[in-house]
Amino acid sequence: MDTAIEAGPTTGRKHAPGLPRAQSLTRAAALVRAVGAAGAREGGASTAELARRCGLPVATAARLLATLSDEGFVERTADGSGWTLGLPLVRLARAADPDRTLLAVCPPLLEALAAEAGESAALAVARPGPAMDVIAQADGPGLLGVSNWVGQEFPLHASAPGKLILAELDDAAFREWVARTRPERFTPRTITGLRALRAERGRIRAQGYAEMHDELEPALASLAVAVPGRGGAPVAFLGISGPSGRLDARRRRALLRPLRATAERLARAVTPGR
């Protein structure tokens with residue numbers, strides 16, 4: 001495994017093989033890949049573990065990680081024990097359009113869902129942090145409540161897709177997130193306390209969907225489900241949003257069936273043979 005990380009994805013197709021390489025950059029790249037691989041599990045990886053994975057002295061790994069941290073390419077976990085990828089690096093990777101498969105297949109499905117629901121339909125993806133990006137949207141026929149959510153930042157605790165992302169965290173990572181972010185209260189209905197958020201996570205896990213009603217701003221409601229990938233891990237989150245006067249509890253329940261059906265069609269499109 002260490003050799004694969006050090007060699008990197010360009011092995012066998014190197015540019016100008018006769019030119020000398022900058023060893024420090026090669027080592028830094030290996031560390032970034034190792035941090036990314038470790039980020040698939042909660043808590044990241046320690047400096048010592050990353051040094052071992054990359055075949056580096058701990059002092060060398062620590063120096064390179066400090067430099068990478070200064071540039072925003074890696075960052076410490078909330079408890080300071082490990083490393084995760086930094087948001088500036090994630091933004092650079094995002095520029096390479098990592099969601100191109102989802103974006104290629106989702107427009108007609110979102111448009112059909114929005115037409116059936118009569119509300120906005122949107123597709124969101126989880127980002128490191130944890131965080132969330134809305135990457136695509138289709139609007140229903142009504143003008144009331146139409147907003148462009150693509151590219152906007154959303155607080156996880158006050159959005160339906162964001163709640164699904166929080167429900168995916170293990171208990172330790174969830175507690176760390178609450179302690180680190182200190183969830184903000186946007187309306188009297190916003191859920192902010194650890195105990196209340198933990199109960200909300202339990203409800204979401206039990207029912208398999210998330211709701212938001214006047215928690216981000218008054219008169220705004222939403223409903224979201226996960227788009228499952230291989231092994232059941234979500235590849236995206238599909239939601240419907242609109243004015244809470246139209247999208248009341250009864251209407252949200254009625255829209256669960258088409259929302260789940262669309263999520264399943266999207267899952268089959270992006271992960272054939274799932």
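Reader: Happy to start with terms: under what relative accessible area is a residue buried?

Author: Exposed means over 50% relative accessible area, and partly exposed lies in between, with a 1.4 Å probe and protein chains only. Buried means under 20%.

Reader: Thanks! Is Ala167 buried or exposed?

Author: This is a predicted model, where local features need pLDDT of at least 70, side-chain atom pairs count only at pLDDT 80 or more, and totals for chains, interfaces and linings use all residues. Residues are numbered from 1 along each chain as its sequence is written, and side-chain values use heavy atoms, leaving out hydrogens and water. Ala167 is found in helix H7 (residues 160–168); helices (H or I, at least four residues) and strands (E, at least two) are DSSP runs numbered from the N terminus. Its relative accessible area is 8%, so Ala167 is buried.

Reader: Which residues does Ala167 touch, beyond those up to four places away in sequence?

Author: A contact means heavy atoms within 4.5 Å. Ala167 and Arg198 lie 31 residues apart in sequence, with their C-alpha atoms 8.8 Å apart in space. Leaving out residues up to four places away in sequence, Ala167 touches Arg201, Ile204 and Arg205.

Reader: Over the ring of which residue does the charged end of Arg201 sit?

Author: For Arg, the rule asks for CZ (NZ for Lys) within 6 Å of the ring centre and within 35 degrees of the ring normal. The charged end of Arg201 is 4.1 Å from the centre of the ring it sits over, that of Phe174.

Reader: How far apart are the end C-alpha atoms of helix H6?

Author: The expected span is 1.5 Å times one less than the number of residues. H6 (residues 100–117) has 18 residues and should therefore span 26 Å; this agrees with its end C-alpha atoms, which are apart by 25 Å.

Reader: At which residue does H6 bend?

Author: The bend is the angle between axes fitted to the seven residues ending at a position and the seven starting there. In H6 that angle is about 50°, with a proline, Pro107, following within four residues. The bend is at Cys106.

Reader: Which residues touch the most other members of the largest nonpolar core?

Author: Such a core joins buried Ala, Val, Leu, Ile, Met, Phe, Trp, Tyr and Cys residues through side-chain atoms within 4.5 Å. The largest has 29 residues.
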